[in-house]
Amino acid sequence: MSATFQSLRIAQPLQSVISEIGFESPTAVQTQAIPVMLKGRDIIVQSQTGSGKTLAFAVPILQKLKLTKSSPQALVICPTRELCTQVAKEIRTLGRQLHGLVVTEICGGQPIRQQLETLRRGVHIIVATPGRLLDHLSRDSFDRHGINVVVLDEADRMLDMGFGGDVAEILQATPASRQTALFSATFPHGIKEISKQHQSAPLRITIEDKLQNTLRHQVTFCPAEEKSDVLLLLLQQYNVDRTLVFCNFKKSVNGVVQSLRRLGCSVDRLDGDLQQYQRDQVLAKFKNKSTRVLVATDVAGRGIDVDDIDLVINYELPDKLHAYQHRVGRSARAGKDGLAISIALPKQQKKVRAISEALDAQIEQVTPPPSLHLDIVSQDAKMRTIQISCGRKDKIRPGDILGALTGDAGGLKGSDIGKIDVRDKITYVAVENASATSAAKAINHGRIKKKKFRATIV
Ligand code: ADP
Ligand code: MG
C-alpha cells in the first residue's frame, strides 16, 4: 500500500493545507524523507527535479517550529534568488494556518537595511542565498543559536555555481547540534565532501529516476467541420480538472474558446494578444482550478508553468515534432500519468505516423466519442478566483488573506479556500464556487491589515 499524508504523521494544520492545495498523496521522496526529517537525523536526499523535494523539507521544518520563539530556527539555502522566492512561497503556503509564522528571504540584490529590520523584528524561517547570508552572519544580524536545521536545497547546483566555500562557512557558523539536510538532483563528489565535513551519521536516500511517468498518446480522425464537436465530446468524456488545448493559429484559439463558452464550458484563452496582466490572471485561474480548459497557441503556451495537467488535446496537429513534444510534455508530470489526444484530419494519417516513429511511441487510434450529449452543458470549474488589490508591496501574506476570509471576519471555512497567490501588487485567491460572492463581499466590506482593498471575481 502506498503512503498517505496521514500515515506520515503530519500535523493537522499542515495536512489540511495540503489537502486544500489538492495534493492527494505524498511523492516517493516525500514518503521517504519526511519521517527522517521529523526525527531530526542528518540526511542526503537525491531525487530528480520535479519530484517534490520542497515539501519534503518544508513540512518537517514547519511541524517542528516553535512559533512562540521569534529567533530563526531553520535556514534553507538555495542557489538563486528565484529559487529562494519559490521555496519561501511554498513554505508560506504550507504554513498558512500557522498563526504568526514569519518566513523571510535573504538574498543579494536587495537592500540590506530592510533585511536587518526584518531580522530584528523576528523571523522563524530564513530562506537565503549563500553570499548574503554569510554577510548577515558576519554582521551577527540575527541570533544563530536557535537554528535547529539547515537545508541545502539544490546542493549540486550550489556547488556548480561555486558556493561550496560559502556553504561550508555557513555550516561552520551554525550550531554543531543542528540537523543538516542536503537535497539534490545529482550526487557529485563535492556533496560527499560537504557531507563528510559537516554531517553526522547521515542517512542517504536515493529515489531512482522514475521510469518516466507514462504518457499515453491517442489520435482521433475527423473532418475539419466536426472538430469542435469532437473536442467537446472529449472534454465531456474525460471530465478532468485541467485540460490544455493547443491550436496552430490564434484564429482557431478564438473559435474554440467561443464555441466552448457558448456551451457553458469553463474556458480561457492564452495567445500572444493578451497583456501581461491578463496572461497572469488567466494562468492564475488555470492553476487554481477556476478554469478547466485553457486554449493556447504554441508560442503563448511556452511559459505555462503548471505541472498538473491531466489532458492535452491537439486541436490541430503541430507542424514540427518538437512542438508536439513541447505540447504533450505538459502532461505526465509531478508524478502523474498523462494523456495526449490529437484531433487530426483524415489526410494527416502520414503525419501522425511520422510523429509516432520520431517519438518512438505508439499513438493509439481511437474513434471519436459517440455524439449523444452535445447539448449538455459541461460542468463548471470547482473554484472561482477572487482578485484582490493588494500584494507583497502592502506587506500582505497568505495568512492575512486567509484571516480576512475565514472566521468571524469573512465567514468562510478554511476548506472553501484553495490556492492563495500573493503577487507584488495583486493577490489571487481561489474559493469554492458557491462561496465566491461572499468572499468578495467579505474583502470589500472588511479590512486586511487595517486597510481597505478591492476584490473582484475574475
Ligand atoms: P523538486 O524540488 O524536487 O524539483 P518541487 O518541490 O519543486 O520539486 O515540486 C515539483 C512540483 O510538484 C511542484 O509543482 C509541486 O507543487 C508539486 N508537488 C509536490 N508534492 C506534490 C504531491 N504530493 N502531489 C502532487 N504534486 C506535488
Ligand atoms: Mg527543488
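**Entry 1: the model.** I'm working from a predicted model, so I kept to computed values throughout.

**Entry 2: who sits around ligand 1.**

**Entry 3: polar contacts to the ligand.** Thr54 puts a polar side-chain atom 2.6 Å from one ligand oxygen atom. With Gly52 I found a backbone N or O atom 3.1 Å from an oxygen of ligand 1, and with Ser51 a backbone N or O atom at 3.2 Å from a ligand oxygen. How much of ligand 1 does the protein cover? I get 80% of the 570 Å² of accessible area that the ligand has on its own.

**Entry 4: the second largest pocket.** I noted 27 lining residues, with Arg92, Thr104, Gln114, Arg392 and Lys395 closest to the pocket centre.

**Entry 5: what the lining is made of.** Which classes make up this lining? I have 12 charged, eight polar and seven nonpolar residues down for the second largest pocket. For secondary structure, I wrote down helix H4 (81-94), helix H5 (112-121), strand S3 (103-106) and strand S16 (417-422), each of which supplies at least two lining residues. Last, I checked the domains: domain 1 (12-207) and domain 3 (383-457) each give at least three residues to the lining of this pocket.

How values were computed. Residues numbered from 1 in each chain as written. Chains lettered and ligands numbered in written order. Predicted model: local features only at pLDDT ≥ 70, side-chain atom pairs only at ≥ 80, totals over all residues. Heavy atoms only, no water. Polar contact = N/O pair within 3.5 Å; in protein donor to acceptor, adjacent residues only side chain to side chain. Areas by Shrake-Rupley, 256 points an atom, 1.4 Å probe, with all protein chains shown as cover. 1 Å grid on protein atoms, 1.4 Å probe; cavity = no way out; pocket = protein on both sides within 12 Å on 5 of 7 lines; lining within 4 Å. Helix = DSSP H or I, 4+ residues; strand = E, 2+ residues; numbered from the N terminus. Nonpolar A, V, L, I, M, F, W, Y, C, P; charged D, E, K, R; others polar. Domains from an automatic or database assignment.
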